[in-house]
Amino acid sequence: MAQTTEQRYRVAPVRPRGRQWPFPLNLYQSAVGRKWVMAVTGIGLIGFVLVHMIGNLHIYEGPARMHEYAESLRTLGGGLVPNGAILWLMRAGLLSMFVLHLHSAITLSRMSGNASEKAGVVSGAKKYEGGRDHIAATFASRTMRWTGPIIALFILYHLADLTWGWWLGDDFVAGDPYHNVSTSLGALPVAILYVVANIALAWHIYHGAWSMFQSLGVNNPRYNHLRRTLATGLAGLILIGNLSFPILTQAGLIDEDERQCPISEVEGNACLAEQASDH
Ligand code: HEM
């Protein structure tokens, strides 16, 4: 029996209709709301990565300035708030953005998988119909699915390495990030890991920034070259900055040769602080 157009294209709701959450949380129950959350948290996370990369450039000024920079993060807010309070607030914000970004990405991909399966069943359409643009879009979103997990695993490794000092053991010195970076990235396998992870990150940022504009409704063909330029510039800048750390550590530019302060195990190394304030 012939199907009407309406019968052929009617697709079951992506999500079975359950209880509606109160406003504004209910926005997150729709795919459009989740895309917005993914885009906005993506902007926040890119902002963090950019600021973190720029901050890490202090390493080229030597151990004392790098130490001073790390300390200045801990004392943000001056005497107005307890030491470390603003940093912990920023960490909580960063973690929330990361969790929301991950959750919206995973559930959206599940939703679109369900929707295209159902559309395929109802309309009899092939999954990858639609020409070169569709193939390019699918390729981009497929790469997001493997660059995303690489970045998540890298962050876990990175925290265990340079924040908690699990891998360096006795070689880890709290309050001396210059020493920790040069010791960790001085090992070739670690440097390679940083290079691979940061290439995946730049790729993810490039495609993320590109599709973020679409989610936010900036999708006019007249501005597409601007979108591409911005996405390339942002990803390129972060890539160059972040790759410089493992590469220049391996090249011997970040090492302990010129060090004037002994490597102390005391948090907030007094000699480094004194040297930094002499500048
Ligand atoms: C590529 C070179 C990188 C270097 C040399 C580097 C260096 C560092 C250092 C030294 C710390 C510890 C700071 C301290 O406790 O004083 C740190 C923390 C951190 N890094 Fe990186 N990082 C790099 C890349 C990245 C990337 C690509 C990401 C994220 C995608 C990232 C995310 C973090 C996070 C979340 C923390 C913890 C911040 C905190 O708890 O305050 N890092 N990094």
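Me: What makes helix 3 roughly perpendicular to helix 6?

Reply: The axes of helix 3 (residues 63-74) and helix 6 cross at roughly 115° and come within 8 Å. Axes are lines fitted to C-alpha atoms, for helices over the stretch in contact, and angles run from 0 to 180 degrees between N-to-C directions. Angles of 65 to 115 count as roughly perpendicular, under 35 as roughly parallel, over 145 as roughly antiparallel and the rest as oblique. Helix 3 is therefore roughly perpendicular to helix 6. This is a predicted model, in which local features need pLDDT of at least 70 and side-chain atom pairs count only at pLDDT 80 or more, while totals for chains, interfaces and linings use all residues. Residues are numbered from 1 along each chain as its sequence is written.

Me: Which residues make the contact of helix 3 with helix 6?

Reply: Helix 3 contributes Pro63, Met66, His67 and Ala70, and helix 6 contributes Pro177, Tyr178 and His179. Two residues are in contact if their C-beta atoms, placed from the backbone, lie within 7 Å. By class, five of these residues are nonpolar, two are polar and none is charged. Ala, Val, Leu, Ile, Met, Phe, Trp, Tyr, Cys and Pro count as nonpolar, Asp, Glu, Lys and Arg as charged, and the others, Gly among them, as polar.

Me: Why is Ser30 called partly exposed?

Reply: Ser30 has 13 other C-beta atoms within 10 Å. A residue is buried with 20 or more such atoms, exposed with 12 or fewer, and partly exposed in between. Ser30 therefore counts as partly exposed. Ser30 lies in the loop between helix 1 (5-9) and helix 2, and its C-alpha atom is separated by 9.4 Å from that of Leu108, 78 residues apart along the chain.

Me: What makes up the largest nonpolar core?

Reply: A nonpolar core is a set of buried Ala, Val, Leu, Ile, Met, Phe, Trp, Tyr and Cys residues joined through C-beta atoms within 7 Å. The largest has 22 residues, of which Val181, Ala202, Ile205 and Ala235 touch the most other members. Helix 7 gives the most to this core, with eight residues. Not counting residues up to four places away in sequence, Ile205 touches Ile46, Leu234, Ala235 and Ile238.

Me: Which residues are closest to the ligand?

Reply: Ala70, Leu162, Pro177, Asn242 and Phe245 are the closest of the 19 residues that surround the ligand; a residue is near a molecule if its C-beta atom lies within 6 Å of it. Helix 5 provides the largest share of this shell, six residues. The shell divides into eleven nonpolar, seven polar and one charged.

Note on methods. Helices (H or I, at least four residues) and strands (E, at least two) are DSSP runs, numbered from the N terminus.
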